[in-house]
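Here's a quick tour of a few spots worth a look. Open the structure and follow along.

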Amino acid sequence: MTGKKTIDLKVNLGKLRLKNPVMTASGTFGYGEEYSEFIDINKLGAVVVKGLSLKPKQGNPPPRIVETPAGMLNAIGLQNIGIENFINKKLPFLKQFDTPVIVNFFGDSIAEYVKAAGILNSAKGIHALEMNISCPNKQAGWSIFGTDPKVTFKVVSQVRKATDLTLIVKLSPNVTDIGLMAKTAEDAGADAVSLINTLTGMAIDIKSRKPKLANITGGLSGPAVRPVAVRMVWECYKTVKIPVIGMGGILSAEDAIEFILAGASAVAVGTGNFINPRTTMDIMEGIECFMADNGIKSVKELTGAVQC
Amino acid sequence: MDRLLKASVIENRQLINNHYLLTLQPLKKIRKPGPGRFFMLTVDDGLDPLLKRPFSIHRWTGGNFQILYRVAGKGTHLLSKKKQGDTIEAIGPLGNGFNVGKTQNNIILVAGGIGIAPVFALAETISKRKPLLFYGTRTKKEALCIDNLKSLGIKPVMSTDDGTLGTKGNIINVMKKHLTRSTLSTDCVIYACGPGPMLRSLSEFTKKHGLKAYAALEQNMACGLGTCLGCVVNTVNGYKRVCKEGPVFPIDEIIW
């Protein structure tokens, strides 16, 4: 047995050092305030905030969410307060914690991505950027950022020039070859990739014959997507040298360890935060117990340790 | 102190057809919340359904709280199977409830169907001010809380869809006919909860007469805490979260 005191949970994402591998997934943790009542934000590996754009966005009309077996569909439509409001009103709250702040952001054009990255790069208290090129609820045409490797390369390499912060690219699972997308992000200068964003889905009310979401389609998350996400993390781990951040229906330490074995250096909890606001803390404690019980000294030993 | 807690099922009583009254004992001390606020409750420990469900607080008695609910889908069906001694995970109290100021004289309450759950909570809080309650249900059997209202000294003006109790038809029409110029004085305030069409028609009425009214809204929620942005409602000031800015809103703010 390894004593808990000797257990090393530290992981690296590029030059970013995390005290443990458990992060929050963008869009499920707001800007941290609501969750500080339930958990000690100091204990998190990192906070990833709700996706931001240059200007505030009002998002999609309701209904925006619908529950499906072991999952949920959402079509929030990237509602957010905008980068400026975030920096002025929300970032000061997050700065008081000893936990890296990772800002998720997106644009409607390459120029917007670059401009957003530039503004975020010069704000104090932001430790890394996560580029969202994979929201399934954006208008037609937008999806090329995350599904057409040529466009992905272009937008990531342009953003790379605009920031010296650790740059994470969040990948879409709605592609044929996820490994190729990860490789493209790596070649364009990304420091890490995170996956999966939600899978595009649809649910229909059979009485009214209408889609259950006003947006018609939405993004599927929760345990229903987990095996798909684990497989994609494994494929990316085999394809790229940069760290992979795994997410997709993680509710327990066992789920998190599965992702780490598949190749994730860190994991993010999304829908799990909605089910129980303490999920991240329980996972962290569970990983520590698993390591103690199995004589594992460093969590890094587990990354990619699946025996195929 | 955080609002995540466990609660023990004291009783889960079927009142009529698919209507149940759940009594829960929170396993940590909570101060009595105001009417119109809600709890997120776990209805099952499995993965389907996955999310907690929002329920308004119906009554608060001796540290226990009651949820009055109608079985409408899988989640409420599972909730109806809970037995005495079962433990339920809960988050709450959440949201902004009915905020009744001290200066208003005439208080009018309007409830449609299971909307009586939070409206009763409000009635109990302000019973001394002799509110006038309009209450519509589908049928006589589904008229709940009548005895409890009576003990508060409140005799509701009723309507039912099938005419088995009170006037046949919808409660807003009954209310329109019932209210006279004197009760429609400017210091009267209406508090309501019920189905969307009822609230919409109430909103048209209050707009026409320049009356103040507040409605408790219902919406699917994932977190109940304000982070998922899934429960928004369209208002004249943009989308607002039912869980955080609501569930009680000024009725004229809502775009129906």
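## What covers helix H7 in chain A

Start with the buried residues of H7(A): what lies over them includes helix H6 (226-239), strand S15 (244-247), strand S16 (264-269) and helix H9 (279-293) of chain A. Keep in mind that this is a predicted model.

H7 itself spans residues 253-262 of chain A, and seven of its ten residues are buried, so the rest of the structure largely encloses it. The buried ones are Ala253(A), Asp255(A), Ala256(A), Ile257(A), Phe259(A), Ile260(A) and Ala262(A).

## A nonpolar patch on the surface

Now for the outside of chain A. Met202(A), Ile204(A) and Ile216(A) make up a nonpolar surface patch, and together they have about 280 Å² of accessible area.

Take Ile204(A) from that trio. You'll find Ile204(A) in strand S12 (residues 204-205) of chain A. Its relative accessible area is 47%, so Ile204(A) counts as partly exposed.

## A buried threonine in chain B

Over in chain B, look for Thr23(B) in strand S2 (residues 19-26). Is Thr23(B) buried or exposed? Thr23(B) is buried, because its relative accessibility is 7% and the cut-off for buried is under 20%.

Leaving out residues up to four places away in sequence, Thr23(B) touches Ser8(B), Val9(B), Ile10(B), Glu11(B), Asn64(B), Phe65(B) and Gln66(B). With Gln66(B), there's also a side-chain to side-chain polar contact of 3.1 Å.

Definitions and conventions: Residues numbered from 1 in each chain as written. Chains lettered and ligands numbered in written order. Predicted model: local features only at pLDDT ≥ 70, side-chain atom pairs only at ≥ 80, totals over all residues. Heavy atoms only, no water. Patch = residues over 30% accessible without salt bridge, like charges linked within 9 Å, V, L, I, M, F, W, Y side chains within 5 Å. Areas by Shrake-Rupley, 256 points an atom, 1.4 Å probe, with all protein chains shown as cover. Salt bridge = Lys/Arg side-chain N within 4 Å of Asp/Glu carboxyl O. Helix = DSSP H or I, 4+ residues; strand = E, 2+ residues; numbered from the N terminus. Buried < 20%, exposed > 50% of the residue type's maximum accessible area, 1.4 Å probe, protein only. Polar contact = N/O pair within 3.5 Å; in protein donor to acceptor, adjacent residues only side chain to side chain. Contact = heavy atoms within 4.5 Å.
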